[in-house]
Amino acid sequence: MFKIVGLLLVVCGCTAMGLSAGNEMERRIRELRELLKLLEILEGEIGYANAALAEAFRHGARRMAEPFSGFLEHMAEHMDEFRGDTLGEIFMRHVQEDLKGTALCRKDLDALTGFGEQLGYLDVKMQLAAIGLYKEQLTHEYVRAREECRKNSKLYRCLGLMGGLFLALIFF
Amino acid sequence: MKEKDEFIKIFSTNIRNILSKVNIDSGRLQEIRLRAGKPLVLSAAGKEYFVTLSGSLTSDSEKSFRVSKREIEETMEYVANYSMYAYEEELRQGFLTIGGGHRVGVVGKAVSEDGHIRSMKYISCINVRIAHEVRGCADAVMPYVAGRGDVRHTLIISPPGCGKTTLLRDMIRQISNGGKHCRGRTVGVVDERSELGGAYRGIPQNDLGMRTDLLDCCPKAEGMMLLIRSMAPQVIAVDEIGGEEDIRAVETAVNCGCRILATVHGNGIEDIQRRPMLGRLVEEKIFECYIVLHNLGGVGKIRNVLDRDGQVLYV
């Protein structure tokens with residue numbers, strides 16, 4: 001009896017792992033899409049409203065889902081405190097603190113930090129160019145992630161279940 | 001100075017620490033000047049002081065704290081709230097307005113295009129001019145500006161730095177709120193350089209009265225027309241008129257039935273008469289009241305008040 005329960009647990013555990021891996025891929029896609037939305041908002045705020053960054057972040061925070069909403073809000077608050085940090089440092093800190101629970105990979109977070117270092121200087125045209133460049137990279141990453149997800153998420157889920165069954169057979 | 005003073009926040013952390021130790025009433029403070037590699041200078045009540053690292057005031061420049069290039073850069077980051085691009089137009093004009101209505105003048109290397117300044121880079125000197133509201137400073141002239149229940153077309157004539165903007169601001173406030181000289185009027189203010197309202201993110205930081213509509217950072221001529229079309233003001237106030245299009249806009253506003261309050265640089269009515277466009281307004285007796293200021297014996301002293309015929313009403 002205990003053996004059967006144990007084997008069932010192995011099968012369930014492995015299936016859950018497969019499902020989780022597939023879900024993580026989908027979550028990353030959703031989050032990359034949120035980042036693209038953030039860029040659209042910044043483009044509008046900077047290009048049309050000529051808003052300062054803290055103001056643009058606050059407006060963005062109201063229109064975005066968590067954890068990006070909190071990320072933007074915390075950055076705006078930090079910027080208004082004038083603690084002696086550069087914008088790049090503020091951006092890096094809040095990417096690390098507020099986006100650590102996301103499904104975004106290291107490469108995504110590094111690219112976002114790098115984008116933050118480009119903000120704040122020069123003229124509006126250069127700001128929009130920086131946003132445009134990052135948007136291009138992000139779109140490319142988004143398309144690739146979707147393609148990977150389409151190919152692999154089912155595979156991960158099946159592998160989880162099959163792996164579980166395989167282990168159950170071995171232990172039986 | 002106290003940390004709570006809003007303008008202290010805009011300085012680099014190091015300078016902020018020094019200024020917070022300076023024992024001076026911020027009400028008397030006029031200017032704080034930062035120049036790369038030069039002493040930190042503070043002006044208060046018409047006197048200039050150097051500031052030491054410990055925050056004491058001295059007349060010996062050798063003892064003064066010297067401002068570094070990095071501190072200027074850090075200060076600029078805070079002044080522009082990390083968004084230099086958002087202040088392109090202001091930088092072109094050489095100043096930004098911060099919360100509290102204080103004006104931050106900046107100079108460095110001008111980037112020119114077609115003979116006009118496009119931007120400013122390598123900013124090396126910053127001058128923070130502390131805005132002070134002087135409530136009641138227009139009390140003496142209000143009977144002439146708004147006596148007998150009506151507001152008169154008024155021109156304030158003054159050399160630079162004699163308090164014409166401060167006087168105009170108080171006149172706007174009193175006319176807008178209403179009082180013993182006239183009932184409250186709807187006042188439209190075109191504040192091209194954010195000096196009257198000291199608006200920060202569109203909100204006036206200075207009290208311009210309860211019936212005032214402020215159009216911030218808008219060219220005067222265009223702004224006056226916009227206000228007439230959109231806000232139906234009874235009184236329009238503008239600072240430092242002079243250009244051809246400003247004078248035409250004043251004429252249009254007068255013809256639309258608005259009362260005009262304006263300021264102009266000059267030493268007296270004679271200076272104004274010599275200018276081609278403005279002189280015509282004087283000749284046509286458009287302005288019903290002239291207030292002439294000077295700075296003998298203190299800033300913002302009224303030399304005299306004249307009527308449309310140049311007759312002295314007040315000395």
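Author: Ask away, and we'll check each label against its definition.

Before that, some ground rules: residues are numbered from 1 along each chain as its sequence is written, while chains are lettered from A and ligands numbered from 1 in the order in which they are written. This is a predicted model, where local features need pLDDT of at least 70, side-chain atom pairs count only at pLDDT 80 or more, and totals for chains, interfaces and linings use all residues.

Reader: Why does R33(A) count as partly exposed?

Author: A residue is buried if 20 or more other C-beta atoms (placed from the backbone) lie within 10 Å of its own, exposed if 12 or fewer, and partly exposed in between. R33(A) has 14 C-beta neighbours inside 10 Å, so it counts as partly exposed.

Reader: Where does R33(A) lie?

Author: In helix α1 of chain A, residues 2–47. Helices are DSSP runs of H or I with at least four residues, strands are runs of E with at least two, and both are numbered from the N terminus.

Reader: What makes strand β9 of chain B mostly covered?

Author: Five of its five residues, within 187–191, are buried. V187(B), V189(B) and D191(B) point one way and G188(B) and V190(B) the other, yet all are buried.

Reader: How do you know that β9(B) pairs with β10(B) and β11(B)?

Author: Two strands pair if DSSP finds at least two bridges between them. Five bridges join β9(B) to β10(B), residues 212–216, and four join β9(B) to β11(B), residues 235–238, so both meet the cut-off. β9(B) runs parallel to β10(B) and also to β11(B). V187(B) stands opposite T212(B) in β10(B), and its bridge partner in β11(B) is V235(B).

Reader: What about chain B as a whole: why is it called as compact as a globular protein of its length?

Author: Chain B has nine helices and 15 strands. Its radius of gyration is 21 Å, close to the 20 Å that the globule rule gives for 315 residues, so it is as compact as a globular protein of that length. That radius is taken over C-alpha atoms, and the rule is 2.2 Å times the number of residues to the power 0.38.

Reader: Which domains is chain B divided into?

Author: Domain 1 (6–129) and domain 2 (142–314), with bounds from an automatic or database domain assignment. Six residues of domain 1 of chain B are in contact with six of domain 2 of chain B, contact meaning C-beta atoms, placed from the backbone, within 7 Å.

Conventions:
Contact = placed C-beta atoms within 7 Å.
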